[in-house]
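Let's take a look around this protein together. Keep the picture handy as you read.

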Amino acid sequence: MKKGILLLVILSFFITEIFAQQENTSMLASHPKIELGFQGLGVGYEFALGGKTLLDVNAGLGGGYTVDNGMVNYVWGLIDPAFYAITEFRYYYNLTKRLSKNKNMGNNAGNYVGAQLKFATPEVFNIASNINLHNTLLTEVHWGIQRNLGKEFIFNLHLGLGYAYDYYWDTGGLYIAFGVKFGYIF
């Protein structure tokens, strides 16, 4: 648990430093969305914070986790999903370059570095008794891209490194962060 608190303090410092260097005009837009991906099916909202920063908040139903002997286990719960809530901070580092090349910047398209917190619960309906997911907190840092697929659809991919903490076993472990999701923007 101490490692998780230390990581949150470091991430808070990182976010504060980026905000301190932001310009007042945002190149990003705020909008609600529905997403489907490895994390599951959820709803979210992308908040443009100013300049090149964005806060992405999501909640939904999907896979859950356990951490056993330092190994992070993910179970995609199609029949008996877990509830998840995600908060992701993004810093888009290439928006000026995209703008100068007249590339499409709609729906917050661009490359970014991000920090993410995810909380996942055990199975919501407890139908399948052979799956034993636990309350788990995942923290990660990653590099990612978001691109348009037409006017209202988006594709998002990220890769990085994370740390998962399992509250039931009181243990944690490192994992390779990988996420793919498709979204519909309202």
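## Reading the model

Strands here are DSSP runs of E of at least two residues, numbered from the N terminus. This is a predicted model, where local features need pLDDT of at least 70, side-chain atom pairs count only at pLDDT 80 or more, and totals for chains, interfaces and linings use all residues. Residues are numbered from 1 along each chain as its sequence is written, and side-chain values use heavy atoms, with hydrogens and water left out.

## Strands around the largest pocket

Which strands each supply at least two residues of the lining of the largest pocket? They are β5 (71-75), β7 (110-123), β8 (136-149), β9 (153-166) and β10 (171-185). The one that gives the most is β10, with 7 residues.

In total, 19 residues line the largest pocket, and F38, Y65, K118, F178 and G179 lie nearest its centre.

## Tucked away: E46

Now hop over to E46, which sits in strand β2 (residues 40-50). Is E46 buried or exposed? E46 is buried, with a relative accessible area of 0%; buried means under 20%, exposed over 50% and partly exposed in between, using a 1.4 Å probe and protein chains only.

Conventions:
Helix = DSSP H or I, 4+ residues; strand = E, 2+ residues; numbered from the N terminus. 1 Å grid on protein atoms, 1.4 Å probe; cavity = no way out; pocket = protein on both sides within 12 Å on 5 of 7 lines; lining within 4 Å.
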